[in-house]
Amino acid sequence: MEKMKIRQNYRNHWHTDLLRAPQSDPLFCCFSLWCGPCASYILRKRALYNDMSRYTCCGGYMPCSGRCGESHCPELCLCTEVFLCFANSVASTRFMLQDEFNLQTTKCDNCIIGFMFCLQQVACILSCIACITGNDELQEASRVLNCCSDMVYCTVCSCMQTQHMVEMNKRDGKFGPRPMVAPAVQQMSRLDQPLPPTIGYAPPQPQAYPPKQLPTMYPPPPQQSPMYPPPPQQSPMYPPPPQQPYGYPPPPSQPHGYPPANYAPGVGYPPSGYPR
């Protein structure tokens with residue numbers, strides 16, 4: 001149960017679901033429908049990368065795993081498993097692929113598998129009731145229901161094994177992008193090597209191309225001033241500052257003829273009537 005809960009959190013998905021599995025590989029789907037144990041044997045061996053030394057009965061998911069002498073004769077043990085425990089062999093291969101590639105089952109696949117199990121349980125319960133009561137009508141209904149459950153079981157197992165086959169084809173790179181390979185060996189041409197003759201085609205003529213012209217729709221780039229950064233420009237909204245004369249402020253003006261030239265310094269000046 002713990003492993004089942006862990007598988008629900010896987011992030012990868014199957015390459016194809018159960019509904020589209022027959023379209024992906026119809027030949028193998030028919031083969032797995034008519035010979036299910038053989039298909040299960042092939043898929044289990046391929047899931048182990050053809051290394052039977054890694055084989056364990058039911059993939060190690062059952063209590064009897066590792067106790068059936070698998071190490072001595074793994075091929076015989078696998079044949080016994082796919083014929084006697086066919087359902088467990090298919091489920092074990094599915095669990096191995098899910099744990100290896102972190103594959104989760106879609107909701108549609110879970111509904112199909114759950115419907116198969118429920119139909120088998122209902123058919124089994126109806127068969128038990130018909131056997132106890134001895135009613136002919138119930139026995140006939142149980143036979144029809146058992147036949148339907150067997151058909152659904154075989155169909156779902158066939159689609160499931162085809163789904164496993166497609167997933168392993170994807171793993172082995174049998175479809176999708178091809179792996180990268182090394183290019184073939186090439187030889188360098190020499191200047192003195194003659195050109196190969198042209199067959200059915202005229203030799204190519206050199207074409208004269210006009211000189212490349214710059215587009216005229218773009219303006220020329222602005223000329224950068226030698227002074228960087230450019231001096232700030234005076235806003236036209238303000239008048240320029242007034243120009244002051246040299247030697248501003250001017251000296252105080254004296255009246256013409258002052259001081260008097262007729263007077264010697266300190267004699268008769270200032271007048272005698274004025275106090276000193």
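## Helix 7

Helix 7 covers residues 107-133, 27 residues in total, and spans 38 Å from its first C-alpha to its last, close to the 39 Å expected at 1.5 Å a residue. The expected span is 1.5 Å times one less than the number of residues in the helix. Helices (H or I, at least four residues) and strands (E, at least two) are DSSP runs, numbered from the N terminus.

The model is predicted: local features need pLDDT of at least 70, side-chain atom pairs count only at pLDDT 80 or more, and totals for chains, interfaces and linings use all residues. Residues are numbered from 1 along each chain as its sequence is written, and side-chain values use heavy atoms, with hydrogens and water left out.

## Buried residues of helix 7

Asp109, Ile113, Met116, Leu119, Ala123 and Ala130 of helix 7 are buried. Buried means under 20% relative accessible area, exposed over 50%, and partly exposed in between (1.4 Å probe, protein chains only). The cover over the buried residues of helix 7 includes helix 6 (86-101) and helix 8 (136-171).

## Positive phi values

Most residues other than glycine have a negative phi. After helix 7 comes Gly134, with a positive phi near 75 degrees.

Cys58 is not a glycine, yet its phi is positive, near 60 degrees. Cys58 sits in the loop between helix 4 (36-47) and helix 5 (74-84). Cys58 is buried, at 3% relative accessible area.

Asn102, also not a glycine, has a positive phi of about 55 degrees. The loop that holds Asn102 lies between helix 6 and strand 2 (103-104). Asn102 is partly exposed, with 36% relative accessibility.

Notes
Contact means heavy atoms within 4.5 Å.
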